[in-house]
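Here is a short briefing on one protein model. Please look over the sequence and the structure before reading the points below.

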Amino acid sequence: MKEPSVDVDPRKVAEHELGPVDWQEGGTWGYCKCPGAHLHNKPTRHRDCRVYMDGAPRIYCLHSSCSRTLMTAADELRGSVRALCPEGSLPPRSLPTPEELERRRSKNAALAAALSITEDWAKDWSQWRWPLEDLYRSNPRQGATQTDFFREMWSPSDVVWVGEAHHSGPPYYKRWMTADDWAHMPDPLPERFGHFICPSTFQPGAMHRRKEHLLSCPFVIAEADSLSEDPVENLSRNLAAIRFLRDRAGWNLRAVIFSGSKSYHGWFDLPAGGHDHAVPLLKAIGCDPAAARPTQPVRRPGAMRDGVEQKLCWLSHSGKP
Ligand SMILES: [Zn+2]
């Protein structure tokens, strides 16, 4: 084997060939600019492409149109590292931890379960039709108000965010209050309080609607605004999807809120297995995975949207004291 003439850090070689790399986990891998970014047919985002420097260097990108260019770039990078860096200068390829393996296994199992359930949905979704008048008639909390919503969904001391989507950061610290405080506000809340609410609870003192400030994610939201081009049909399928999740998947429905436009939001207790289990099923029946994100602002009941109420249509009894 040829002895390398200079001792070069393999990461420097990667940076020389790929440009700046945002190294993670002690430099075993990092985010880089995709060498085939000019071939992407969707917008390129900051963290689309990764280079791995454990074992033989590898490059992965979320886009597929750049794959040939990536293969060439990875070949060249491996060649340069072989030529320039001392043998053994790269750590061995890291094996996934038992926790990571378990997480992957559980995610795959959830995906398989979701797919088997969704065959029923694909065959005939209409058996889960939930006409609006039936939904209203079956509402366990007839006439429930915004105050009831805050009392029913959270514990009094839970910190809950209400606002407009951009209300995040220190100037907006008043957007976070306890569920009990919100329940004591005027009902309905004045419009200046914004149109949105976040289903997760936040750490006391939180001032950013970000993942790292969350305390718990008690709910997952099912919303579908593109099941049909026809708005009326879309609303009908959206309600069927909510009923499917309750009656076929066995999720615990807590509330249904009309978005004031073309969709309903089904608020469910986060099912066992968490988002890894819930999101594949939501996606498979055409719900928007973005609405299920823990930090996502969703339509607040009682606010008006272009003159239409974002209405609380259905609210469960939580059984909380
Ligand atoms: Zn790419």
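The centres of domain 1 and domain 2, taken over C-alpha atoms, are 39 Å apart. The domain assignment places domain 1 at residues 10–84 and domain 2 at 115–315. The model is predicted.

**Zinc site**

- Four protein donors hold the zinc ion: Cys34 (SG), His40 (NE2), Cys61 (SG) and Cys66 (SG). They lie 2.0 to 2.3 Å from the zinc ion.
- The site is tetrahedral, with angles of 105 to 117° among the four donor atoms. The ideal angle for four tetrahedral donors is 109.5 degrees.
- Along the chain, the donors of the zinc ion follow the spacing C-x5-H-x20-C-x4-C.
- Cys34 sits in the loop between strand S2 (29–32) and strand S3 (49–52), and Cys61 sits in strand S4 (residues 58–61), so the pair ties together parts that are 27 residues apart in sequence.
- Cys34 and Cys61 are both buried.

- Strand S1 (residues 22–24) pairs with S2 in the antiparallel sense, over three bridges. Gln24 has Trp29 in S2 as its bridge partner.
- The hairpin of S1 and S2 has four residues between the strands. Glu25 takes a positive phi near 45° in this hairpin.
- S2 and S3 also run antiparallel, joined by four bridges. Here Gly30 stands opposite Val51 in S3.
- In a regular strand, side chains alternate between the two faces of the sheet. In S2, Trp29 and Tyr31 point one way, while Gly30 and Cys32 point the other way. All four are buried.

**Asp54**

- Asp54 lies in the loop between S3 and S4.
- Leaving out residues up to four places away in sequence, Asp54 touches Thr28, Pro91, Pro92, Arg93 and Ser94.

**Nonpolar cores**

- The largest nonpolar core has 33 residues. Leu245 and Val256 touch the most other members.
- The elements that give two or more residues to this core are helix H3 (98–123), S10, H7, strand S11 (253–258), strand S12 (264–269), helix H8 (274–284) and strand S16 (312–315).
- H7 gives the most to this core, with seven residues.
- Val256 has contacts beyond four places in sequence, including Trp130, Leu135, Leu239, Ile242 and Tyr264. Its other contacts include Lys311, Leu312, Cys313 and Trp314.

**Helix H5**

- Helix H5 (residues 146–153) is mostly covered, with six of its eight residues buried.
- The buried residues of H5 are Gln146, Thr147, Phe149, Phe150, Glu152 and Met153.

**Leu227**

- Leu227 lies in the loop between strand S10 (219–223) and helix H7 (231–247).
- Leu227 and Asn238 are eleven residues apart in sequence. In space, they are 7.2 Å apart, C-alpha to C-alpha.
- Leaving out residues up to four places away in sequence, Leu227 touches Asn234, Arg237, Asn238, Ile285 and Gly286.

Key:
Residues are numbered from 1 along each chain as its sequence is written. This is a predicted model: local features need pLDDT of at least 70, side-chain atom pairs count only at pLDDT 80 or more; totals for chains, interfaces and linings use all residues. Side-chain values use heavy atoms; hydrogens and water are left out. Donors are N, O and S atoms within 2.8 Å of the metal (3.2 Å for Na, K and Ca); water is not among the atoms, so sites may look incomplete. Four donors count as tetrahedral if all angles lie between 85 and 135 degrees; four count as square planar and six as octahedral if opposite donors are over 155 degrees apart and all others between 65 and 115; anything else is irregular. Buried means under 20% relative accessible area, exposed over 50%, partly exposed in between (1.4 Å probe, protein chains only). Contact means heavy atoms within 4.5 Å. Domain bounds come from an automatic or database domain assignment. Two strands pair if DSSP finds at least two bridges between them. A nonpolar core is a set of buried Ala, Val, Leu, Ile, Met, Phe, Trp, Tyr and Cys residues joined through side-chain atoms within 4.5 Å.
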